[in-house]
Each structure stands twice: as C-alpha cells, then as structure tokens.
Amino acid sequence: IYNVSVNYAFIFHWEILLLNLGNVRLVGGGSDCAGRLEVYHKGSWGTVCDDSWDLADSQVVCRQLQCGTPLSAPVTASFSQGTGPIWLDEVGCLGNESFLWECPSAEWGQHDCGHKEDVAVMCSEFKMLRLSEGCSGQAEVYYNFTWGSICANSMTDTTASVICKQLGCGDKGVFKETVSRLRAAPRWLDNIHCRKQDSALWQCPSSPWGQNDCWNTEAAEITCSGTRIIM
C-alpha cells in the first residue's frame, strides 16, 4: 500500500509539473518544424535566450516536436524577434533529453537578454508550401533542403482549396495539370487526397514523400479565389 501511495504522489507531482511548464512551439517559419522558439509558462508564451544555446539544445526541441533532427544552431532571431516574457536562458541540454524542461537552465524568467537574442530552430522535417505566382501558379513544396513539385494525380478541387486556405489565398481552389517549371527537381508529393476538415496539406493522405508515378507534364497548377483566411 505504501508503494502505491508513493507512486500516485509521484504521478500527481509530475502532472502538476507538466501543467506548470507547459509546451514548446516554433513560430514564424511557415511550418511547425522551423521558427522562433517559444515556451508556455504560467499562462503566457515567451521566448528563449541564445546564451549557451547549441546543437544539443536544438536536438531536444526537434525531438520533442517530432520534427526530426536540427539543421543548425544557433539561429538567433532569424524568424523575427518575439515579444512578451523571455522565459529561459543559459539552457544546457546534453541532447538526449525528451523534453526541453529536463535540461539545466537559469530559473524561469531570469535572464540578461533582449529579444534580439531570441533562439530560432530549424529541424529536418521543416516543410514549406508555395504557389509560384503568389496565390496562383504551380504548387511546390520545400522538403529535405530542396524545392519540388506536387503531382496532379488523383488531385481534386478539395485538395486545391486546402492549399489555398493554408496559404491565406482564399477558401476555394481549382487545379489543372501543367509542365513543371522545376524539371530537374524532385516530385515530392503524389496521390494527395485532402478532406474538407484538413487545414494544411501535411494532414492530407498521400503517397510517401518522394514516391510518385507522375511525369513532369503532370505538375499541379492551382488558382485560388474566395474569402481569404489567415491560418
């Protein structure tokens, strides 16, 4: 009985600790896997100072966000400076931690930094989406350090609309096949089947990244219209 009560006390303490320490996110990079690092603490999102920050610290962030491995560190204020509190400074991860709050650091809220020293992180699963002419044109994605095309195979206007909404270009989209302008580049996505509830292309079922059965003449070109929604 004694051991059971101790275990419950430990679980309760750990749950309270997680609630207090909150979560992490990357902001301003157009992807969940790149941007300015922010942590949630005491009801507010705040930034992290770059003092002592290195690749091991970025490794923990990328792991926690399930974003692969870090591409570089530090990347100071590369995605614009933050506002509000600076929650963490002098972070010293070993690189094998599962969560950022397992790493040694100064006390929460104690720092000698300004927002020009906000840490940014870019992870290997970083992805970006664009249309070649802004809110129309060929649909292209950035993945694994390279821009590539999206195949029109099995695409529907629902998929085109999801792309338009993700880019803030309207809530409606239509597509057609065209010759890819990135002829030597990878064809990253094929057989995409977006659903109406999907808010981003990355949520849509598709063939595995880089696997396709389309030609350069089957690239997706999309035209957006309708009400613009900022995601």
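Student: What share of the 231 residues is buried?
Tutor: Buried residues make up 44% of them; buried means under 20% relative accessible area, exposed over 50%, and partly exposed in between, with a 1.4 Å probe and protein chains only. Keep in mind that this is a predicted model, where local features need pLDDT of at least 70, side-chain atom pairs count only at pLDDT 80 or more, and totals for chains, interfaces and linings use all residues. Residues are numbered from 1 along each chain as its sequence is written, and side-chain values use heavy atoms, with hydrogens and water left out.

Student: How many helices and strands are there?
Tutor: The protein has three helices and 12 strands. These are DSSP runs numbered from the N terminus: helices are H or I with at least four residues, strands are E with at least two.

Student: Which residues touch the most others in the largest nonpolar core?
Tutor: L37, W53, V91, L100 and V121 do, in a core of 26 residues. A nonpolar core is a set of buried Ala, Val, Leu, Ile, Met, Phe, Trp, Tyr and Cys residues joined through side-chain atoms within 4.5 Å.

Student: And which element gives the most to this core?
Tutor: That is β6, with four residues. There is also a second, separate core of 22 residues, and C164, C194, L201 and A220 are among them.

Student: New topic: where is D198?
Tutor: D198 sits in the loop between β11 (187–189) and β12 (219–225).

Student: Is D198 buried or exposed?
Tutor: D198 counts as buried, because its relative accessibility is 5%.

Student: What about aromatics: which residues cluster with W202?
Tutor: Y143, W188 and W209 form one aromatic cluster with W202. Rings of Phe, Tyr and Trp (its six-membered ring) pair if their centres lie within 6.5 Å; planes under 30 degrees apart count as stacked, over 60 as edge-to-face and the rest as tilted.

Student: How many aromatic pairs is that for the protein?
Tutor: The count comes to nine. In one of them, the rings of W202 and W209 have centres 5.9 Å apart and planes at 35°, so this pair is tilted.
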